[in-house]
Each structure stands twice: as structure tokens, then as C-alpha cells.
Amino acid sequence: MKLRSLAGALAATVVLPFGLAQATDLEVTHWWTSGGEAAAVAELAKAFDATGNKWVDGAIAGSGGTARPIMISRITGGDPMGATQFNHGRQAEELVEAGLMRDLTDVATRENWKEIVKPASLLDSCTIEGKIYCAPVNIHSWQWLWLSNAAFKQAGVPVPKNWDEFVAAGPALEKAGIIPLAVGGQPWQAAGAFDVLMVAIAGKDVFEQVFAKKDEEVAAGPEIAKVFKAADDARRLSKGTNVQDWNQATNLVITGKAGGQIMGDWAQGEFQVAGQKAGVDYTCLPGLGVNEVISTGGDAFYFPLLEDEEKSKAQEVLASTLLNPKTQVAFNLKKGSLPVRGDVDLATANDCMKKGLEILAKGNVIQGTDQLLSADSQKQKEDLFSEFFANPSMTPEDAQKRFAEIIAAAD
């Protein structure tokens with residue numbers, strides 16, 4: 001995508017006619033539309049509205065894969081919003097290079113972001129050629145197993161403490177009419193579950209050899225064969241799920257229709273909306289209770305370059321508000337994610353958030369596969385695991401062979 005040539009055109013199109021809009025109304029686009037996500041984003045809107053400005057919500061349904069092309073098209077097409085969500089990493093890099101996004105370095109320097117944002121890699125992901133272009137709002141990790149305490153009680157077996165105990169409990173759950181493992185039908189969910197199994201079973205070093213170093217021999221070797229054996233167990237235990245969206249699968253766990261779900265920490269927001277309490281109604285096992293490692297991706301807000309001075313001032317207020325300690329706690333408690341500040345009061349953090357913070361403090365972190373693989377390689381991996389989970393006749397050995405081929409060609 002060639003965006004640089006559009007920068008000049010944008011400058012001529014973003015100037016709003018005098019008096020057409022209220023200067024402090026700021027449209028903010030994002031893809032947070034599930035119950036827990038909507039509750040979390042409402043905290044951001046409440047905090048921004050309290051500054052005297054007005055959050056104009058621009059939620060786009062259908063997850064990031066649907067929303068991002070719409071967001072980028074609006075910015076490049078001369079119809080920019082006041083602020084927009086992207087994930088940490090390279091998703092807005094071309095927009096920045098084209099001169100379409102606002103430099104937030106002055107705000108970040110004034111408010112000491114380099115000292116308060118932890119880990120530093122979050123702000124590094126917002127930095128291009130020494131300038132800061134986004135405000136990180138959370139740390140999200142994929143490596144969690146969510147369990148329904150009621151489902152295991154109904155099945156007459158203890159709540160598992162790790163993946164092996166979970167697999168062993170499968171027959172008792174099935175006998176009680178409960179789906180052991182809920183896996184939604186969208187390809188990214190099956191691929192994400194496999195990545196979680198890999199770091200839990202094969203370990204951090206093997207995960208990095210495969211996805212960071214693109215080591216084909218390791219991908220085809222015995223350690224990854226163990227991961228495919230676990231994925232085969234997961235496929236068998238997920239039979240009968242029959243839902244598509246991740247939050248629909250989470251709801252199966254919330255309602256006790258499923259025993260567990262491998263899903264990112266964003267699932268926690270759904271439990272909270274349902275009025276359930278961590279440690280009482282549900283149990284969370286980081287690293288599947290086997291290898292407590294979390295990834296440090298997440299969400300950030302970027303600010304398109306605008307010529308309306310009042311809206312530009314409101315952008316600065318919003319950027320500051322997103323990093324405010326009270327906003328960080330209120331938002332992340334609802335979102336199920338971890339705050340990006342290391343100096344906030346987490347007295348109200350629930351059991352699962354505390355577990356994540358302890359792992360983060362120990363430095364047991366990895367990069368996500370979205371950061372390590374190109375979009376094309378990631379798509380090939382999603383297609384493989386979507387087929388593997390849907391087709392019981394595909395053997396783990398055949399799937400591992402295709403996986404090694406994808407890693408060999410990955411960039």
C-alpha cells in the first residue's frame with residue numbers, strides 16, 4: 001500500500017467547515033463489541049467525558065480483521081476519526097510513514113511515559129524513528145485456560161490444576177453431558193489454542209525457535225510432535241462446540257455447558273459481565289497450569305493528523321486520559337487485561353489479574369505470533385488449524401508435516 005502520496009491530499013480534506021461540529025466531540029473507533037469489551041470501553045468514554053470533552057463511539061463489529069481495513073481506508077481516504085485502536089506492533093506503521101498520524105512525543109515526554117509504561121517494549125512498539133505515535137492501554141496475553149467450577153462439580157471431579165488433569169477429566173465431563181473444551185469455529189481461535197499448547201508443553205525456547213527463528217527442523221521434530229498430540233486431545237475434547245465467536249464459546253463455560261476454554265485474558269471480561277467471581281465461580285490457569293509464561297501484546301490508540309485545533313487539543317486530552325492511573329485500573333479490570341503502568345493501585349485486582357502481574361514481574365514473557373510472523377504466514381497457520389480441528393481424519397503427523405512446511409517458508 002502506498003500511502004505517502006495521500007498525505008498532502010488528506011491535509012486538504014480534513015479541515016471541517018467552521019461551526020459544523022462541536023470542537024470537543026471526538027470520534028473513537030475500535031472493535032470492542034462483546035459484553036465485557038463494551039463494559040471496558042465505557043470506562044474510557046466515561047473518563048474522557050469527565051474532562052469536558054465528548055467520546056463519540058465508533059465501534060466496528062466483526063473483530064480486528066474486519067475493523068482494521070475500514071479504519072485504514074477512512075484515514076487514507078480523507079475521512080479520519082479522532083482516534084483509533086490498533087494492536088501493538090506494525091499495524092499502523094505505513095500510516096505513520098505516510099505522515100497521516102499524529103506525533104505524541106510532546107504528550108509522552110510531558111507525562112513521563114518512558115518511566116511509567118512497563119514493560120518498555122510497549123512504548124517501543126509505538127515509536128518510529130524516535131517519535132511516539134500511540135498511547136498503549138493494556139497488556140493482553142493468550143496463554144490462559146478458563147474453567148467452569150460448576151461444570152466440574154456436576155461431573156463429580158476436582159477442578160483441574162493443569163492441562164494433563166484437564167484431559168483426564170474429559171470422560172467424566174462428557175458422561176455428565178458437558179463439552180470438555182469449547183473452541184469457536186473462527187480460524188484464529190484454533191491457531192491461537194495451538195500456540196498456547198506449544199509454549200505450555202514444549203516451552204519458551206522451542207516456541208521462539210519455531211516462530212522467531214523459523215527453524216524447520218524443530219517444527220518437524222519430537223518436541224512439536226508432543227504439541228500436536230495435545231492438539232489432537234484438544235480436538236477430540238472440543239467435539240460438539242458448534243459456535244463461531246470466541247465470546248459464544250466463553251459463554252458455554254460461564255453457563256457450565258463446557259468445562260473449559262483456551263482463550264486470551266480478554267475472556268475474563270465476559271465472566272465479570274455475567275457476575276461471576278474468579279476463584280469462586282471460575283478458575284484461570286495461566287500457561288495451562290504447566291508453564292506460566294504470558295505474551296505482552298495488547299491494544300493502543302493512534303491519533304490521525306487533524307487540522308481542527310480544538311479536536312487536536314481534545315486528542316491530547318484523550319491520550320493523557322488513557323494513561324491516567326484511575327482510567328488504567330477501571331478499564332483493565334473490566335477488560336480482563338493488565339495495565340501498562342507499573343505504578344497503579346491494584347488493590348481491587350482479582351485473582352486472575354494478580355496471577356498475570358506476578359508472571360509479568362518475573363519476566364516470563366514472550367512475543368505473540370502476530371509480532372513474529374507475517375500476516376500471510378499467520379493466515380496459512382490459521383487455515384491449517386481450522387482444517388485440523390474440523391477434520392478428524394487429518395492425523396497429527398500429517399498436520400505437523402504441513403506446519404513444518406509453513407515455518408520453512410515463513411517470513
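The crossing of helix H2 and helix H16 is right-handed. The model is predicted. This briefing covers helix pairs, disulfides, backbone features and one alanine.

**Helices H2 and H16**

- Helix H2 covers residues 35-49, and helix H16 covers residues 309-322.
- Their axes lie 10 Å apart, and the packing angle is about 125 degrees.
- H2 and H16 are therefore oblique to each other.
- On the H2 side, Leu 44, Ala 47 and Phe 48 make the contact.
- On the H16 side, the contact residues are Ala 314, Val 317, Leu 318, Thr 321 and Leu 322.
- The contact of H2 with H16 holds 7 nonpolar residues, 1 polar residue and no charged residues.

**Helices H10 and H20**

- Helix H10 spans residues 187-201, and helix H20 spans residues 375-390.
- Their axes come within 7 Å and cross at roughly 95 degrees.
- A pair counts as roughly perpendicular when its angle is 65 to 115 degrees.
- H10 and H20 are therefore roughly perpendicular to each other.
- H10 brings Pro 187, Trp 188, Ala 190, Ala 191, Phe 194 and Asp 195 to the contact.
- H20 brings Lys 381, Glu 382, Phe 385, Ser 386 and Phe 389.
- By class, the contact of H10 with H20 has 7 nonpolar residues, 1 polar residue and 3 charged residues.

**Helices H9 and H13**

- Helix H9 runs over residues 163-175, and helix H13 over residues 222-237.
- They pack at about 25 degrees, and their axes are 11 Å apart.
- H9 and H13 are therefore roughly parallel to each other.
- The crossing of H9 and H13 is left-handed.
- From H9, the contact takes in Trp 163, Phe 166, Val 167, Gly 170 and Glu 174.
- From H13, it takes in Ala 230, Asp 233, Ala 234, Arg 236 and Leu 237.
- The contact of H9 with H13 divides into 6 nonpolar residues, 1 polar residue and 3 charged residues.

**Disulfides**

- The count comes to 2 disulfides.
- Counting bonded cysteines along the chain, the pattern is 1-2, 3-4.
- Cys 126 and Cys 134 are both buried.
- Another disulfide joins Cys 284 to Cys 352, with an S to S distance of 2.1 Å.
- The S-S torsion of Cys 284 and Cys 352 is about -115 degrees, so this disulfide is left-handed.
- Cys 284 lies in strand E10 (residues 282-286) and Cys 352 in helix H18 (residues 351-362), so the pair ties together parts that are 68 residues apart in sequence.
- Cys 284 and Cys 352 are both buried.

**A cis peptide bond**

- The peptide bond from Lys 118 to Pro 119 is cis.
- Its omega is near -5 degrees.
- Pro 119 sits in the loop between helix H6 (113-116) and helix H7 (120-124).

**Positive phi values**

- Glu 129 is not a glycine, yet has a positive phi of about 50 degrees.
- Glu 129 sits in the loop between strand E4 (127-128) and strand E5 (131-132).
- Glu 129 has 79% relative accessibility, so Glu 129 counts as exposed.
- Lys 214 is not a glycine either, and has a positive phi of about 55 degrees.
- Lys 214 belongs to the loop between helix H11 (204-211) and helix H12 (216-219).
- Lys 214 has a relative accessible area of 22%, so Lys 214 is partly exposed.

**Ala 404**

- Ala 404 is part of helix H21 (residues 396-409).
- Residues under 20% relative accessible area count as buried.
- Ala 404 has a relative accessible area of 5%, so Ala 404 is buried.
- Leaving aside neighbours within four places in sequence, Ala 404 is in contact with Glu 216, Ala 219 and Ala 220.
- Ala 404 and Ala 176 are 228 residues apart in sequence.
- In space, Ala 404 and Ala 176 are 38 Å apart, C-alpha to C-alpha.

Note on methods: Residues are numbered from 1 along each chain as its sequence is written. This is a predicted model: local features need pLDDT of at least 70, side-chain atom pairs count only at pLDDT 80 or more; totals for chains, interfaces and linings use all residues. Side-chain values use heavy atoms; hydrogens and water are left out. Axes are lines fitted to C-alpha atoms, for helices over the stretch in contact, and angles run from 0 to 180 degrees between N-to-C directions. Helices (H or I, at least four residues) and strands (E, at least two) are DSSP runs, numbered from the N terminus. Angles under 35 degrees count as roughly parallel, over 145 as roughly antiparallel, 65 to 115 as roughly perpendicular and the rest as oblique. A crossing is left-handed if the near helix is turned anticlockwise from the far one by less than a right angle, and right-handed if clockwise. Contact means heavy atoms within 4.5 Å. Ala, Val, Leu, Ile, Met, Phe, Trp, Tyr, Cys and Pro count as nonpolar, Asp, Glu, Lys and Arg as charged, and the others, Gly among them, as polar. A disulfide is a pair of cysteine sulfur atoms within 2.5 Å. Buried means under 20% relative accessible area, exposed over 50%, partly exposed in between (1.4 Å probe, protein chains only).
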